[in-house]
Amino acid sequence: MFIPGERSSSSPLEINVLWYGLTILLPVLIFREITQIWLSRVAYFRSIENVLEAVLIVLISLLLMWGEYCDHTREKRYIASIAIVLSWSLLITCLLYTSP
């Protein structure tokens with residue numbers, strides 16, 4: 001598991017800030033999804049948006065917790081590209097479903 005404080009001399013400041021920011025925001029997203037599941041279990045899994053958000057949570061967790069930031073760079077790039085495409089598709093679905 002990557003702990004930024006252990007190797008601060010070899011890692012750029014931007015990577016530490018990004019890691020801490022995502023680590024703080026990920027539990028917020030997980031809490032929101034758990035609340036949605038708790039409120040409507042059956043309807044949650046029928047929505048493609050909710051399924052995409054659950055996959056996005058798993059991908060972001062993999063990126064944050066899978067070794068050092070310089071380990072497994074090829075695999076992490078693939079995972080990051082899938083996460084970016086999923087984030088973009090969630091943004092598009094939110095815009096399409098909520099527009100009047």
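The protein chain exposes about 7200 Å², of which carbon and sulfur atoms supply 73%, the accessible areas coming from the Shrake-Rupley method with a 1.4 Å probe, where for residues only the protein chains shown count as cover. This is a predicted model, in which local features need pLDDT of at least 70 and side-chain atom pairs count only at pLDDT 80 or more, while totals for chains, interfaces and linings use all residues. Residues are numbered from 1 along each chain as its sequence is written, and side-chain values use heavy atoms, with hydrogens and water left out.

The protein chain holds 4 helices and 0 strands, helices being DSSP runs of H or I with at least four residues and strands runs of E with at least two, numbered from the N terminus. Along the sequence this gives the pattern α-α-α-α. Of the 100 residues in the chain, 25% are buried, a word that stands for under 20% relative accessible area, whereas exposed stands for over 50% and partly exposed for what lies in between (1.4 Å probe, protein chains only).

Helix α3 covers residues 48-65, and its end C-alpha atoms are 26 Å apart, which agrees with the 26 Å that its 18 residues should span at 1.5 Å a residue; the expected span is 1.5 Å times one less than the number of residues. The buried residues of α3 are Glu49, Asn50, Leu52, Glu53, Leu56, Ile57, Leu59, Ile60 and Leu64, and what covers them includes α1, α2 (41-46) and α4. After α3 comes glycine 67, whose phi is positive, near 70°.

Leaving aside neighbours within four places in sequence, glutamate 33 is in contact with Tyr44, Asn50, Glu53 and Ile57, contact meaning heavy atoms within 4.5 Å.

Helix α4 has 26 residues and reaches 37 Å from its first C-alpha to its last, close to the 38 Å expected. Its buried residues, Lys76, Ile79, Ala83, Leu86, Ser89, Leu90 and Thr93, pack against α3. Isoleucine 92 also lies in α4 (residues 73-98), but it is partly exposed, because its relative accessible area is 33%. Together with Val85, Trp88, Leu91, Leu95 and Leu96, Ile92 makes a nonpolar surface patch of about 630 Å².

Note on methods. Patch = residues over 30% accessible without salt bridge, like charges linked within 9 Å, V, L, I, M, F, W, Y side chains within 5 Å. Salt bridge = Lys/Arg side-chain N within 4 Å of Asp/Glu carboxyl O.
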